Amino acid sequence: MSQIFSLFRLRLRCLFPIFALLSLLFLDCSSSGAAPDNKENVNTAAGSVPVTKPITPKKLERYHYWGNYRLERNGDSYQLDTTVNQYRYGINEIRPGILSLNRGARHEEDADRFPPNLIALEFYDTLTHQLKKRVDLGKMSPYKPEQYKNLKIGGGLDYEYMEIYGPDTNCQWPSLPKPNNFISTNQRMPSVFGYNFIGFALAHLADYKVVGWENSLGIFDASGALKAMVKIDKEPSSCAVSKQGKFLCYATYAPRNSTSEPWEDCTNRLIIYDLQRKSIVFSREFPNHPVGILPYVFDPELYQPSSDFGFAVYYEKYKTLFYLDEDNRAVHEYSITNEEYSQVCKQKSVKSILNNKKTSSKI
């Protein structure tokens, strides 16, 4: 086991079944263009050199250029690793025109002084490739040094010498001491389409014992504006915002055959949160069965749901499918076989099974 783990890491072992299915249904589109090489300090928002003509997007070019960054293709993603002064930056293209910036120490021996953390999102004009907005995630974080004593920003947990507690198999926490220091970190969360989700986490420590955990989910639209900051009790495995922007929908994942760590849920859950009323309006638990968020009709150019929106709960021989009816504030529930589910995937519409018996839950 590696010595250092990210506080708010994405547990890919739980996401593989869900996103493997999604990858069969949908294919993302990329765009790229031409711009100068990387010369400017990545810590500044200035210095994007104008491009004289709009660039026609091409999917599999070797490089994508945004402002003064040149990101190289790595599989299906575009990335750049660069150093400036004492820092090392990892820059990733979330989708065309939107980049995430991770910052850490340039030299390993300085890791304690400059702990790794996600520090910013940058939003670019997809025609000119000029920077439109830079979101400083440190300023957006709800966990600030003036609020928490001995707060360390960024870094990870060391499993070699830290005692990390969580709920037991009955979801009960042991009796633990009060915290006397804290660690905050930012992480980009998995999303199906549309908005950009940033997880802000706060670990509570009593010396070297992890005795508590807090999570907040920042929801940013395609222009970089903060739509909402929502406190959540556990880390989501996937999340999305509904078409009209009224509801946050997310799923959680419980590890199998082990006790939870403090950021993990005790069971698999499907949750719908009303962003206007600021409250959970639907919650359902599914012990031992993973939950996935699925866009049945998908517009890769806009990265927005264009029609149906739902969730699927995966069983061995059948599935329970949930469809969010945003206009009527209802959740429709369907029990379908794998064969029927294949038809839903093929037609990319939940309407193909509307003749099935269904129930509705008002939200």
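This is a predicted model: local features need pLDDT of at least 70, side-chain atom pairs count only at pLDDT 80 or more; totals for chains, interfaces and linings use all residues.
Since a disulfide calls for sulfur atoms within 2.5 Å, the separation of 9.8 Å leaves Cys249 in no disulfide, with Cys239 holding the nearest cysteine sulfur. Cys249 is likewise buried, and its relative accessible area is 0%.

## The disulfide

How many disulfides does the rule give? The count comes to 1 disulfide, formed by Cys171 and Cys266, whose sulfur atoms are 2.1 Å apart. The link of Cys171 and Cys266 is right-handed, with 80° about the S-S bond. Cys171 sits in the loop between strand 11 (163-164) and strand 12 (181-188), while Cys266 sits in the loop between strand 17 (247-252) and strand 18 (269-274), so the pair ties together parts that are 95 residues apart in sequence.

## The protein as a whole

The protein has 26 strands and 3 helices, and 51% of its 363 residues count as buried. When contacts between residues at least 6 apart in sequence are considered, 54% of them join residues at least 24 apart. The protein exposes about 17900 Å², of which carbon and sulfur atoms supply 47%.

Methods:
Residues are numbered from 1 along each chain as its sequence is written. Side-chain values use heavy atoms; hydrogens and water are left out. Helices (H or I, at least four residues) and strands (E, at least two) are DSSP runs, numbered from the N terminus. Buried means under 20% relative accessible area, exposed over 50%, partly exposed in between (1.4 Å probe, protein chains only). Contact means heavy atoms within 4.5 Å. Accessible areas come from the Shrake-Rupley method with a 1.4 Å probe; for residues, only the protein chains shown count as cover.
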